[in-house]
Amino acid sequence: MREHIERLKQNLSKTIVGKEQAIRLVLVAIFSGGHALLEDVPGVGKTLLAKSLARSIDGKFQRIQCTPDLLPTDITGTNIWNPRSGEFEFLPGPVFANVLLADEINRATPRTQSALLEVMEEKQVTVDGVSRMVPAPFCDRDSESDRISRYFSATGSADGSVYFIFDFRLSRCVGRVANVRETF
């Protein structure tokens with residue numbers, strides 16, 4: 001296991017230079033089955049870190065741009081009527097990814113932020129009374145039996161919140177890194 005962690009750390013460090021604290025937090029979060037909250041101004045590598053993590057584990061990456069008009073079903077998915085089959089079909093939302101980045105989560109309404117709680121805590125989504133498990137990433141590309149817990153990365157911009165991220169939502173995160181950029 002130590003080898004897997006070291007290879008993942010080295011791989012992320014090739015792409016994300018000078019962000020050792022953020023990389024460490026992300027790795028602690030993924031291997032402990034938790035989530036990470038990365039806070040900083042735009043343009044300092046938060047999205048690149050999440051994308052690089054997904055690529056490193058051969059996982060699917062999805063990004064949500066949180067805005068005040070974002071609805072819970074925009075992130076969880078919804079049932080859509082299929083006229084050919086005469087039935088509703090589930091259209092999965094972006095939470096059905098191995099690595100999810102919720103960008104500027106502080107701009108989403110509390111109702112939408114709450115929709116993420118089930119995914120973060122129970123690793124499932126319930127839409128119209130039907131629960132569906134979300135995928136978990138693999139830490140070893142060669143062995144599907146080596147499963148680890150889902151990783152969720154939430155970012156907030158340091159410049160002006162629309163909504164406050166309540167403490168009970170922050171408690172779902174393994175750690176929090178503020179101002180991940182290097183200061184000179």
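Helices here are DSSP runs of H or I with at least four residues, strands are E runs of at least two, and both are numbered from the N terminus. With that in place, Q113 sits in helix α5, residues 110–122. I will come back to Q113.

A word on the source. This is a predicted model, where local features need pLDDT of at least 70 and side-chain atom pairs count only at pLDDT 80 or more, while totals for chains, interfaces and linings use all residues. Residues are numbered from 1 along each chain as its sequence is written, and side-chain values use heavy atoms, with hydrogens and water left out.

Overview next. The protein chain has six helices and nine strands. Of its 184 residues, 47% are buried. Buried means under 20% relative accessible area, exposed means over 50%, and partly exposed is in between, with a 1.4 Å probe and protein chains only. The chain exposes about 9,900 Å², and carbon and sulfur atoms supply 50% of that. Those areas come from the Shrake-Rupley method with a 1.4 Å probe; for residues, only the protein chains shown count as cover.

Now contacts, meaning heavy atoms within 4.5 Å. Take those with a separation of 6 or more: 71% of them join residues 24 or more positions apart.

On to the cores. A nonpolar core is a set of buried Ala, Val, Leu, Ile, Met, Phe, Trp, Tyr and Cys residues joined through side-chain atoms within 4.5 Å. The largest has 20 residues, and L12, L49, L53 and V99 touch the most other members. Which elements give two or more residues to this core? They are α1 (2–15), α2 (20–32), β1 (35–40), α3 (46–56) and β5 (99–103). The largest share, seven residues, comes from α2. There is also a second, separate core of 17 residues, with C66, I75, V119 and V134 among them.

Look at L12. Leaving aside neighbours within four places in sequence, L12 contacts I23, L27, L49, S52, L53 and S56. On the α3 side, the buried residues are K46, L49, A50, S52, L53, A54 and S56.

Helix packing. Two packed helices are described by the angle between their axes and the distance between the axes. For α1 and α2, the angle is about 140 degrees and the axes are 11 Å apart. Axes are lines fitted to C-alpha atoms, for helices over the stretch in contact, and angles run from 0 to 180 degrees between N-to-C directions. From α1, I5, L8, K9, L12 and S13 meet I23, L27 and F31 of α2.

Is Q113 buried or exposed? Q113 is buried, because its relative accessible area is 2%. Its side chain reaches the backbone oxygen of A108 at 3.1 Å. P110 counts as partly exposed, at 29% relative accessibility. P110 and P68 are 42 residues apart in sequence, yet 9.4 Å apart in space, C-alpha to C-alpha.

Last, backbone geometry. Most residues other than glycine have a negative phi. D58 has a positive phi, near 55 degrees. D58 lies in the loop between α3 and β2 (61–65). At 55% relative accessibility, D58 is exposed. D128 also has a positive phi, about 55 degrees, although it is not a glycine. D128 lies in the loop between β6 (124–127) and β7 (130–133). Why does D128 count as exposed? Because its relative accessible area is 62%.

Key. A polar contact is a pair of N or O atoms within 3.5 Å; within protein, one must be able to donate a hydrogen and the other to accept it, and residues adjacent in sequence count only if both atoms are side-chain atoms.
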